[in-house]
Amino acid sequence: MSTGSIKGESRIDRVTAWFIDTGGIRRWFSTVMLLVLILGFSIMSDRFATFTNARVILEQSVVLMVVALGATIVIIGGSIDLSVGSIVGICSVVTAMLLTSIGIWQAVVVAVILGAILGTLNGLLFAYGKIPSFIVTLGMLTAVRGLILGITEGSPTIIREDKFITLFSGRTFGISHGVIVVVAMFVIAVFLLERVAFGREVRAIGAGEKVAWLTGIRVNRAKVLMFLFSGLMAGVGGVLLAARAQVGDATQGIGLELQVIAAVVIGGTPLTGGIGRAWGTIIGALTIGVLSNGLNILGVPSYWQSIITGLILVLAVFLTIDRKKIGIIK
Amino acid sequence: MSTTEIWAAKAIQKSFGASKALSSAHLSLRTGEIHALVGENGAGKSTLSKVAAGVYQIDEGTFELDGLPFIPISIMNAAKSGIGLVFQEQSTSSSLTIAENIFLNDLRRFRVGALINRKKIEAAASTQLKSVGADFNVSTDMANLNVGQKKILEVARALAQNPRLIFMDEVTAFLDSRGRELVLKAMQNLKEQGITVCFVTHHMDEVFQIADRVTVMRDGKTIQTLKVGETDRSELERLMVGREVASHMYPPKEKKSASSETLLELSNISVGDRINGVTLSVAPGEVIGIAGLAGCGGNILLKAIGGDLPVKGGSMKFRDEDYSPKSPRDAIELGIAYLPGERDLEGLLSLFSVRENISLSILPASFSSVSTATEAKISKQYVDDLKIKTHSIESQVDTLSGGNRQKVVLSKLLALNPKLLLLDNPTRGVDVGAREHIYQSITDAAHAGMTIILYSEDLPELLGLSDRILVLRHGGVSKEFRNVNKLAENDVITFML
């Protein structure tokens with residue numbers, strides 16, 4: 001269908017045509033839904049649409065956004081990373097425990113590298129051990145959670161280094177430092193996924209691994225790298241969580257992987273791989289953040305929040321999945 | 001054998017997208033006969049047996065069962081009316097027991113509450129196997145069965161539905177001589193029980209060994225039905241090929257001076273269990289054709305040279321150096337590009353655009369930036385050169401027709417500017433117009449000095465494009481034709497069967 005401006009065509013027609021041409025409901029569902037939610041909450045409560053509340057929502061979502069960005073790479077590659085919650089947990093705990101002894105930056109670097117190493121381990125077992133990523137990362141989730149309990153012996157480490165807390169969850173000129181980290185990670189994710197060949201390799205593996213292999217793409221190497229980046233982003237998420245919670249605790253990050261997957265999927269990246277955008281994931285994570293914040297303000301009990309988030313996740317997939325393209329749905 | 005007609009197909013037409021598989025298929029089967037269906041690849045034999053058994057729906061025409069119109073709407077519907085089908089492909093599941101595989105469509109017969117009565121089902125399976133003359137035990141593990149026995153099992157499964165008429169689609173294609181004997185014996189058994197058998201085959205000796213009558217198909221049409229006793233091999237072959245070769249479709253071959261150099265050398269190589277001891281030496285700039293029936297291993301041979309399958313025995317040399325690729329990447333780095341036979345599964349990323357598909361082979365290093373502009377320029381050039389019909393280079397590749405999709409895969413390989421190009425059935429499922437473009441670009445590449453190994457199930461294409469033809473049979477070379485110019489299809493077919 002041509003979109004050329006025909007005389008007499010109304011503005012609405014042109015907007016509609018542009019909407020359809022750029023991907024229609026499939027591409028824009030998450031954005032439209034986020035706007036509808038924001039509009040709805042703003043009408044229902046005058047406490048919602050304030051600068052302060054907007055900043056609260058953003059700050060509450062920083063960990064989810066950063067971790068989900070990394071997971072987006074893995075999911076576009078057609079795999080899954082269930083271990084991110086545990087990696088966030090261990091990196092938060094390790095940061096908290098090392099801050100005083102080895103210094104702030106040193107602790108942060110150790111935590112991020114630890115995340116990257118655990119991610120790499122996922123990738124190696126998946127790519128070279130030929131074990132499905134679901135199983136590898138499920139094992140990692142469980143084993144690392146055990147490791148966390150072992151090293152903390154169950155007791156939380158309170159963070160008293162104000163400098164660290166300010167550095168990663170303070171504000172400068174009203175801008176949250178956590179949000180700046182998110183922006184940096186977003187730039188890295190976009191660079192990886194869209195600017196360099198690595199992103200194309202990952203998409204090719206997600207879209208058809210056999211084709212990628214036959215075309216000479218180093219499939220195993222790309223698989224390890226995508227898990228490395230997911231682990232690294234989870235490590236950064238762990239540092240942010242430590243700063244926000246001001247404590248390293250054995251229960252941190254439990255269940256985060258499910259929120260992460262929800263954010264990625266609501267953002268329009270199908271679990272079948274091959275397509276997806278970093279920007280969609282940010283929208284998806286914000287949708288979850290806005291929903292929980294808005295429902296809180298309205299005094300909706302938390303069990304309803306779970307029910308609504310669940311319904312929105314299913315609705316998002318129902319409306320955005322391209323069944324013709326994906327073929328068999330399992 | 002009586003002369004009553006049990007089943008007939010009249011003026012059947014069936015298309016898949018743009019390609020017409022059946023344009024005028026007729027077939028008449030008599031009660032209790034064994035009827036062979038023969039023809040070249042793509043003649044429509046498999047399609048006819050599949051529409052007869054309800055796998056696909058026909059576009060035009062009619063079927064008659066006992067003189068009454070009967071067009072099955074599904075496999076189950078056909079089975080209930082007494083028409084069974086044994087597929088060419090394996091359709092047994094190794095996670096089920098032998099008995100469960102046989103009664104897959106009718107497990108409820110043996111249900112006791114939520115469970116299956118093991119004794120009852122195994123007893124029934126045993127009877128079923130005996131009726132096809134099989135000699136293996138039902139309690140055997142599926143993993144212990146060979147391909148021939150698995151095929152027998154599928155025959156037994158079709159029989160479990162008490163059919164009066166069974167279609168068998170190239171059931172012997174992948175079997176060795178022992179497996180083939182088993183299946184032929186089973187067919188004979190069926191005949192003795194009064195069941196009509198219609199089997200598709202490429203093996204002429206099977207026709208003369210077991211069939212009562214034979215029908216020849218060509219290009220989706222029925223050519224003739226003959227009594228086996230009143231015909232011979234050469235008549236059948238002539239009827240199978242009989243078409244006029246549209247020679248103008250193939251660009252003229254360039255006169256090449258005999259080169260003493262060798263680009264690729266295969267010494268007695270074996271791959272998997274399909275290729276056993278193939279020796280071949282390829283000179284730079286040659287176009288080598290590989291002929292053979294489906295299942296002859298030509299695709300496997302190309303995969304091995306292209307680095308997709310490991311070579312089990314023998315050795316390969318490329319430009320006088322030992323060559324043993326561990327992945328397609330190793331092959332590509334040396335300038336060897338492989339076009340897979342399974343276009344949509346192995347050649348194309350349907351989620352990607354035309355540009356992204358073409359430039360997939362020439363991506364820069366992982367962390368170097370991609371230039372959309374360069375990719376667009378290269379893609380546009382191939383879209384023009386190969387006359388790829390697409391709305392734009394940004395269109396998703398699955399919006400293109402089969403022939404144009406194939407041109408995209410070919411462009412992806414040509415973009416590598418390989419020294420050696422391996423083509424597995426480059427025009428399979430491609431319409432005539434796109435074929436000519438593909439032939440032209442293959443010839444152009446050869447003129448530019450590219451060496452090409454072409455495996456094709458389309459004989460006219462092999463004769464039209466190759467400088468030299470190698471015929472494969474049962475995993476080995478059965479004949480080499482050094483001069484292709486005066487070669488007729490019959491000459492080649494003789495060495496394929």
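Me: As what does B:Glu480 count at 30% relative accessibility?
Reply: The scale here calls a residue buried under 20% relative accessible area, exposed over 50% and partly exposed in between, with a 1.4 Å probe and protein chains only. The areas come from the Shrake-Rupley method, and for residues only the protein chains shown count as cover. At 30%, B:Glu480 therefore counts as partly exposed.

Me: What kind of model is this?
Reply: Residues are numbered from 1 along each chain as its sequence is written, while chains are lettered from A and ligands numbered from 1 in the order in which they are written. Side-chain values use heavy atoms, with hydrogens and water left out; local features need pLDDT of at least 70, side-chain atom pairs count only at pLDDT 80 or more, totals for chains, interfaces and linings use all residues, and the model is predicted.

Me: With which residue does B:Glu480 form a salt bridge?
Reply: Side chains of opposite charge can pair when their charged atoms come close. The cut-off for a salt bridge is a side-chain nitrogen of Lys or Arg within 4 Å of a carboxyl oxygen of Asp or Glu. For B:Glu480, the closest N and O atoms are 2.7 Å apart, and the partner is B:Arg468.

Me: How many residues apart in sequence are the parts that B:Glu480 and B:Arg468 tie together?
Reply: Strands are DSSP runs of E with at least two residues, helices are runs of H or I with at least four, and both are numbered from the N terminus. B:Glu480 lies in strand 22 (residues 476-481) of chain B and B:Arg468 in strand 21, so the sequence separation of the tied parts is 12 residues.

Me: Is B:Arg468 buried or exposed?
Reply: B:Arg468 also meets B:Glu286 in a salt bridge (2.7 Å, N to O). That pair links parts 182 residues apart, with B:Glu286 in the loop between strand 14 (275-282) and strand 15 (287-291) of chain B. B:Glu286 is buried at a relative accessible area of 15%. B:Arg468 has 5% relative accessibility, so it counts as buried.

Me: What relative accessible area does B:Arg164 have?
Reply: The side chains of B:Asp66 and B:Arg164 meet in a salt bridge (2.9 Å, N to O). The two are 98 residues apart, B:Asp66 in the loop between strand 4 (60-65) and strand 5 (68-69) and B:Arg164 in the loop between helix 5 (147-159) and strand 9 (165-169), each in chain B. B:Asp66 is partly exposed at 43%. B:Arg164 is partly exposed too, with a relative accessible area of 36%.

Me: Which residues are linked in a network of salt bridges?
Reply: Over all chains, a search of the whole structure finds 27 salt bridges. The residues linked in a network are A:Arg200, B:Arg355, B:Glu375 and B:Glu394.

Me: What relative accessible area does B:Asp320 have?
Reply: B:Asp320 belongs to a negative surface patch with B:Glu261, B:Glu265, B:Glu321 and B:Asp322. Patch members have over 30% relative accessible area and no salt bridge, with like charges joined within 9 Å and nonpolar side chains (Val, Leu, Ile, Met, Phe, Trp, Tyr) within 5 Å. B:Asp320 sits in the loop between strand 16 (313-318) and strand 17 (321-322) of chain B. It is exposed, at 62%.

Me: Which helix of chain A gives the most to the nonpolar patch?
Reply: The patch has about 490 Å² of accessible area together, and its members include A:Leu121, A:Phe134 and A:Ile135. Helix 5 (104-127) and helix 6 (133-152) each supply at least two of its residues. A:Ile135 is partly exposed, at 47%. With 3 residues, the most comes from helix 6.

Me: What is the radius of gyration of chain A?
Reply: Chain A has 15 helices and 4 strands. The globule rule, 2.2 Å times the number of residues to the power 0.38, is set against a radius taken over C-alpha atoms. For 330 residues the rule gives 20 Å, so chain A is as compact as a globular protein of that length, at 21 Å.

Me: What share of the residues in chain B is buried?
Reply: Chain B has 17 helices and 22 strands. Its C-alpha atoms fill a box of roughly 65 × 55 × 45 Å along the principal axes. Of its 497 residues, the buried share is 56%.

How values were computed:
Accessible areas come from the Shrake-Rupley method with a 1.4 Å probe; for residues, only the protein chains shown count as cover. Lys and Arg count as positive and Asp and Glu as negative; His and the chain ends are not counted. The place of a charge is taken as NZ of Lys, CZ of Arg, CG of Asp or CD of Glu.
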